[in-house]
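The exercises below ask you to read a structure step by step, with a worked solution after each task. Keep the sequence and the coordinates open while you work.

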Amino acid sequence: MTVVYSMQHRDPRDEDLIKGTTGDWEIILGLEVHAQISSKAKLFSGASTEFGAEPNTQVSLVDAALPGMLPVINRYCVEQAVKTGLGLRAKINPYSVFDRKNYFYPDLPQGYQISQFKSPIVGEGEVVIDLAGGRSIAVGIERLHMEQDAGKSVHDLAPGNSHVDLNRSGVALMEIVSKPDMRSSDEARAYVTKLRTILRYLGTCDGNMEEGSLRADVNVSVRRPGEKLGTRCEIKNVNSIRFIGQAIEYEARRQIEILEEGGSITQETRLFDPKAGETRSMRSKEEAHDYRYFPDPDLLPLVLDQADIDRIAANLPELPDDKKARLMSEYGLSAYDATVLVGEAATADYYEAVMKSGKPGRDGKLAVNWMTSDLYGALNREGHTIETSPVSPKQLGELVDLITDGTISGRIAKDVFDSMYKTGRDPAEIVEKDGLRQVTDTGAIEAAVDAIMAANPDKVAQAKEKPALAGWFVGQVMKSTSGKANPQVVNEIIAAKLGASSDD
Amino acid sequence: MSVDQNTVRRIAKLARIAVREDELPALAGELNTILDWVEMLGEVDTQGVEPMTSAVAMTMKMREDVVTSGNHQKDVTGNAPSSEDGFYVVPRVVE
């Protein structure tokens, strides 16, 4: 397995430091990720969670906070939180409590959000993130708690007014809080990417950032390497992985500039503006953060049965780290290739289908290369996904075999692949019908080489002086054989002929 | 524990309750009387007693993940002072 470094003893890496005008700075990052639980109904009501409905059509009387309504918790949502906790290798708390987080805002009709404050459902865990150059580090999870989402306010429909839609109000969220274990925007992006992969494997959150199913609050502070933590700013609700990176880069430099000019950082909440590429202070009132949490008297403590936790644990799918390790050992893949494949469960599934569809011993590395270059390229170009690929895993596997056993060259294989993609035909059929079989018959190749040499005596003379010119003959032979000649055999024959004649 | 007038002003503001300056001394007095009374409860020895979460010993009732409610757009916005195209309309809350 990959070596995982413990964060407690982590020395700053030179490449992560930001060079200021007065010396180096280290960025310290912690993330709070809000992940919407993939449930049909809301956390405490029977209204639908479906995205994109007409405003206020998915609002029960509970969500509208009409007097006398009482919340009743959705069992499925609880199970998904537990499942996610187990997927984060975290401690599940059999006893947790829902609290009221009090604040006033038009899209929060109750005047409080039901959340978990002192006693969350999930405690400490860990996410291993995969970085450039095969480096892996473990990012600590502080906790995961369940809470309600708020409604949505739209500010640009009419001047002077805001419009409120409560469809999202009461939808179940998991807030996943990391420890301040990340040291660069790359690490923060890798963390969210990995978290999203884990959630998708588990099926507990669809990870769709465009629809707001996954959003991150990013805590940024800077310090001199090794010194104590600086004052942090929280960038709220960043909704794409790219923006997370941009927001961190901007915010860290903003803080460094202030500190280097002798100023100090004010702890505050900021917003990232993707258009301007900068973070801005949210107009915050002094008392905005006094939430006066207290246990929600409408809800009893949430008590989990160990038997239920065990049942969920027993039914966990294979997680990305385990799948990666297995792909590496079963198919001899590099850590890099295995990481690419496990990023989406469907991609790893396709790969395994390729490898299992034919005879054992299919070239695993070659199969990855064909998937990640030609297949991905075509899928992206044509607007397909791996699930809707016109080329089946079995067909791609057969193509790999045709290359491995020398029936076609890698170059011809590209044409065969294009034809497979367009027509859905099997590669063997294309090779036969279109006469693309590779020519390995040395006699035929030699004849082709001789013909070209005879027609170009001047080039032969030049190539004898400058062996690099042999490439010209290779090109000509490939051309005259429509690319079907085995390139290795062609190279050998040309080298032999030029070399042999120069000995004369 | 006791509260002063500043605390009362702050609590009122957080609760969005309009309190006139001349009401503050009386409110502070009332709140302090309540707090004194609560403090009396602190004299009871609760060592080793689990916090009570319900008058009747029971666990939380749960619901299955089934959509049972919705499409009450007119009803849920019916009591709002203003609504439009299915939205609640409120005074603008951002700059």
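Two strands count as paired if DSSP finds at least two bridges between them. The model used throughout is a predicted one.

**Exercise 1. A sheet with strands from both chains**

Task: determine the order of the open sheet of four strands that contains β9(A), and explain why one side of each edge strand is left without a neighbour.

Solution. Begin with β9(A) and β10(A), which are antiparallel and are joined by three bridges. Within this pairing, the residue of β10(A) that stands opposite A:V154 is A:H163. Extending the sheet from there gives the order β9(A)-β10(A)-β3(B)-β2(B), again with antiparallel pairing. The edges are then β9 (152-154) of chain A and β2 (83-84) of chain B, and because each of them has a single partner strand, one of its sides has no neighbour in the sheet.

**Exercise 2. Strands and a crossover within chain A**

Task: follow the bridges from β12(A) through β13(A) to β14(A), and state the handedness of the β-α-β unit that includes β13(A) and β14(A).

Solution. Strand β12 (residues 214-223) of chain A is joined by four bridges to strand β13 (residues 233-238) of chain A, and the two run antiparallel. Here A:N219 stands opposite A:E234 of β13(A). Finally, β13(A), helix α3 (residues 241-260) of chain A and β14(A) make a β-α-β unit that is left-handed.

For a second sheet, take the three strands of chain A that form an open sheet in the order β6-β5-β16, with antiparallel pairing. The edges are β6 (112-115) and β16 (294-295) of chain A, and each has a single partner strand, so one side of each has no neighbour in the sheet. Four bridges join strand β5 (residues 99-102) of chain A to β6(A), and among the residues concerned, A:R100 has A:I114 of β6(A) as its bridge partner.

**Exercise 3. The overall form of each chain**

Task: decide for each chain whether it is more spread out than a compact globule, using its radius of gyration.

Solution. Chain A has 15 helices and 17 strands. Its radius of gyration is 30 Å, well over the 23 Å that the globule rule gives for 504 residues, so chain A is more spread out than a compact globule. The C-alpha trace of chain A spans about 100 × 55 × 50 Å along its principal axes, and buried residues make up 40% of the chain. The domain assignment divides chain A into domain 1 (7-313), domain 2 (320-433) and domain 3 (442-503), and the C-alpha centres of domain 1 and domain 3 lie 65 Å apart.

Chain B has three helices and three strands, which follow the pattern α-α-β-α-β-β along the sequence. With a radius of gyration of 22 Å, well over the 12 Å that the globule rule gives for 95 residues, chain B is likewise more spread out than a compact globule. Buried residues make up 11% of chain B.

**Exercise 4. One residue in detail**

Task: classify A:D415 as buried, partly exposed or exposed, and locate it in the chain.

Solution. A:D415 lies in helix α10 (residues 410-423) of chain A. A residue is buried with 20 or more other C-beta atoms within 10 Å of its own, and exposed with 12 or fewer. A:D415 has 16 C-beta neighbours inside 10 Å, and therefore counts as partly exposed.

Terms used:
Residues numbered from 1 in each chain as written. Chains lettered and ligands numbered in written order. Predicted model: local features only at pLDDT ≥ 70, side-chain atom pairs only at ≥ 80, totals over all residues. Rg over C-alpha atoms; globule rule 2.2 N^0.38 Å. Right-handed = clockwise from strand over helix to strand, strands pointing away. Domains from an automatic or database assignment.
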